[in-house]
Amino acid sequence: MSNRLEQKTEMPESWGTRDLRERRVTVHGQALAASVLLDLHRSMQRIRHTEETIARLYPQQEMRTPTHLGTGQEAVAAGVAAAVRRDDALYSHHRCHNHYLACGGSVYRLAAELYGRVDGAARGRGGSVHLTDRDNGFIVSSAILGQTVAVATGSALAFRMDGVDRVAVTFFGEATCEEGVIYESMNFAAINRLPVIYVCENNLYSTESPLSVRQPPGTELCARAESFSVPAEKVDGNDVAAVYLAARRAVDRARSGAGPSFIECMTYRWREHVGPQFDHDAGRTYRTKEEFDLWVERCPLKQSAARLISLGLADEREISAWAAEIEKEVVADFERARRAPWPEAGDLFDYL
Ligand SMILES: Cc1ncc(C[n+]2csc(CCOP(=O)(O)OP(=O)(O)O)c2C)c(N)n1
Ligand SMILES: [Mg+2]
């Protein structure tokens, strides 16, 4: 069975002609179908517009859940989710909307979860950090750092014991590399050649603490993974095609029985750690405006759009039209979710 992108059968008509989509292009020395780049871009647009809609509506105080937005980090989720199959198992952490959406999670069910409604991804009981969409392979996210690293490793062990060729993927922030559980997990996965992929989103900060106060100078997280004989790759986490290609290599390795991989994606969170504001608007100075501006300049969507244009796969007008179409759908989903019913009080103890 092919990966998520190659599995797709329907192609929206507004999204390039069949001839265009089937054209082969070369990116980072690899031949790819144009459809892959187009779909990766659309996936990031869907994430971006959903997160921006949350940021706009959050101050209305109707989403009563702490919310960690992933604006600026879309390429990691989109690139990795596209490289796996729908029957693989993906796990995430507190900054999970991007991963849930990239797996194909419904915007409406995410919005309903944030509003605490019964149609929410976790029936309105979990809030922003506890999403699930098993039909799309998004098993669960958890706010306890490192927890899903161990659980994903256990999933990979189950796949091995069942003799199936499924793979497990776990996303985590670089602060999880300061916890013991990841090293126990990688060690166990390496010894047992488990089909698990550790995806580290290195956005340089853990809440408001920079790497310099958390890791010794010269730390290379890939070297730590390699010390357990886990093949590791550091990629530009704002380049969606680079992430996709690295994830595909790791997935091929896992599925062929060659064991775990570690991918470190260098990226940056645009908004505050938790909540919709920008740090400098809130008067916080733990990051400089210059650093922020530099990373905004490296926007994953901007880079991807420039690539589509330079390869002749789309022009600016088309890309804006796709964005407008997606935004309209997202806004409609949020409006519908806001009007959805609350869970019944009598059901409170169900599903425990
Ligand atoms: C075991 C554990 N310790 C501490 C926390 C509190 N906490 C929540 S998010 C966070 C920062 C995590 O940083 P990182 O893993 O780099 O992810 P990012 O927020 O940058 O995406 C911390 C310390 C927690 N949720 N779980
Ligand atoms: Mg971080």
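**Reading the ligand and metal sites**

Guide: An oxygen atom of ligand 1 lies 3.5 Å from an N or O atom in the side chain of S206. A polar contact is a pair of N or O atoms within 3.5 Å; within protein, one must be able to donate a hydrogen and the other to accept it, and residues adjacent in sequence count only if both atoms are side-chain atoms. This is a predicted model, in which local features need pLDDT of at least 70 and side-chain atom pairs count only at pLDDT 80 or more, while totals for chains, interfaces and linings use all residues. Residues are numbered from 1 along each chain as written, chains are lettered from A and ligands numbered from 1 in the order written, and side-chain values use heavy atoms, without hydrogens and water.

Visitor: Which backbone lies 2.9 Å from an oxygen atom of ligand 1?

Guide: That of Y205, through an N or O atom. The side chain of E174 also has an N or O atom, 3.0 Å from an oxygen atom of ligand 1.

Visitor: Which protein donors does the magnesium ion (ligand 2) have?

Guide: Donors are N, O and S atoms within 2.8 Å of the metal (3.2 Å for Na, K and Ca); water is not among the atoms, so sites may look incomplete. Here they are E174 (OE), E174 (OE), N203 (OD1) and Y205 (O), 2.1 to 2.8 Å from the ion.

Visitor: Are E174 and N203 buried or exposed?

Guide: Buried means under 20% relative accessible area, exposed over 50%, and partly exposed in between (1.4 Å probe, protein chains only). E174 is buried at 1%, and N203 is buried at 6%.
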